[in-house]
Amino acid sequence: MVLRSKVLIALTLAALGAALAATGLMLVAVPVPTVATSGTAAIGGPFTLVAMDGETVTDQAYRGKWLLLFFGYTFCPDACPTTLNNISVALEKLGSDAGKLQPLFITVDPRRDTREVISDYLKSFDPRIIGLTGTQGQIDSMVKEYRVYVAQQKSESEDDDYLVSHSAYVYLIDPEGKFVNVIQGNETGENIAAWLRKEMTGAKRRRSGE
Ligand SMILES: [Cu+2]
């Protein structure tokens with residue numbers, strides 16, 4: 001319970017920080033929460049989204065793999081490209097262990113981020129990162145489940161020219177679909193890889209009851 005509260009507080013602070021970041025241009029500066037164990041946090045849960053081929057995909061499709069989730073949007077000027085770069089570097093650093101992981105980029109701006117837009121955008125990053133979109137309702141419920149802060153900024157000119165301020169945590173979900181922990185997207189690829197190794201080995205040890 002204590003651990004769950006810690007992450008919840010951190011994610012709430014992140015939301016607050018993002019709300020205070022008037023332009024939505026900055027990463028949320030909140031210390032990375034530390035969680036020593038996993039399993040019961042009230043973060044995460046089942047989801048239904050749409051894959052790049054138009055097929056419906058649920059969390060069940062990824063059972064048996066660790067999931068690395070990042071929520072963002074392709075028009076994002078900095079947090080998203082930075083995070084996706086860092087994840088790409090982390091995958092490289094992990095070597096063959098990256099095979100146990102499935103990184104997902106989930107748009108919080110499904111109106112502009114069509115499947116084609118997302119596919120094109122992800123060509124700039126590691127090809128193992130899979131893009132997902134969904135209806136506004138599907139995205140909204142996932143954003144709520146994962147406590148992602150998302151706020152569309154008012155556009156002064158054209159309708160389609162807006163920024164979306166959002167929290168920039170990367171979420172780790174274990175092979176059974178349980179939320180494990182988060183890390184800030186602006187951590188270096190090296191730090192993300194080290195964090196992943198630690199979390200993934202820790203979970204294995206916990207499962208075998210050591
Ligand atoms: Cu972003």
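I started at Ile129: it has 17 C-beta neighbours inside 10 Å, so it counts as partly exposed (buried takes 20 or more other C-beta atoms within 10 Å of a residue's own, exposed 12 or fewer, partly exposed is in between, with C-beta atoms placed from the backbone). This is a predicted model, where local features need pLDDT of at least 70, side-chain atom pairs count only at pLDDT 80 or more, and totals for chains, interfaces and linings use all residues. Residues are numbered from 1 along each chain as its sequence is written.

Where does Ile129 lie? I found Ile129 in the loop between α3 and β5 (helices are DSSP runs of H or I with at least four residues, strands are E runs of at least two, numbered from the N terminus). Leaving aside neighbours within four places in sequence, Ile129 is in contact with Leu84, Ile87, Pro103, Phe105 and Leu122 (contact: C-beta atoms, placed from the backbone, within 7 Å).

Next I looked at β4, where six of the seven residues are buried. Seven bridges pair β4 with β3 in the parallel sense (strands pair if DSSP finds at least two bridges between them). Trp66 stands opposite Leu101 in β4. From β3 the chain crosses through α2 to β4, a right-handed β-α-β crossover (right-handed: with the strands pointing away from the viewer, the path from the first strand over the helix to the second runs clockwise).

On to β5, residues 130-132, which runs parallel to β4 and is joined to it by three bridges. Phe105 stands opposite Gly131 in β5. The chain gets from β4 to β5 through α3 (residues 115-122), and this β-α-β crossover is right-handed too.

Then α2. Which of its residues are buried? I noted Ala79, Cys80, Thr83, Leu84, Asn86, Ile87, Ala90 and Leu91. Seen down the helix axis, the buried residues of α2 fall within an arc of 160°, so they line one face (the arc is that of the directions from the helix axis to the C-beta atoms). After α2 comes Gly95, with a positive phi near 60°.

Last, the largest nonpolar core, with 46 residues: Leu68, Leu69, Ile87, Ile106, Val170, Tyr171 and Ile173 touch the most other members (such a core is a set of buried Ala, Val, Leu, Ile, Met, Phe, Trp, Tyr and Cys joined through C-beta atoms within 7 Å). Elements giving two or more residues to this core include β3, α2 and β4. I looked up Val170 as well: beyond four places in sequence, its contacts include Leu68, Phe70, Thr83 and Ile87.

Key:
Contact = placed C-beta atoms within 7 Å.
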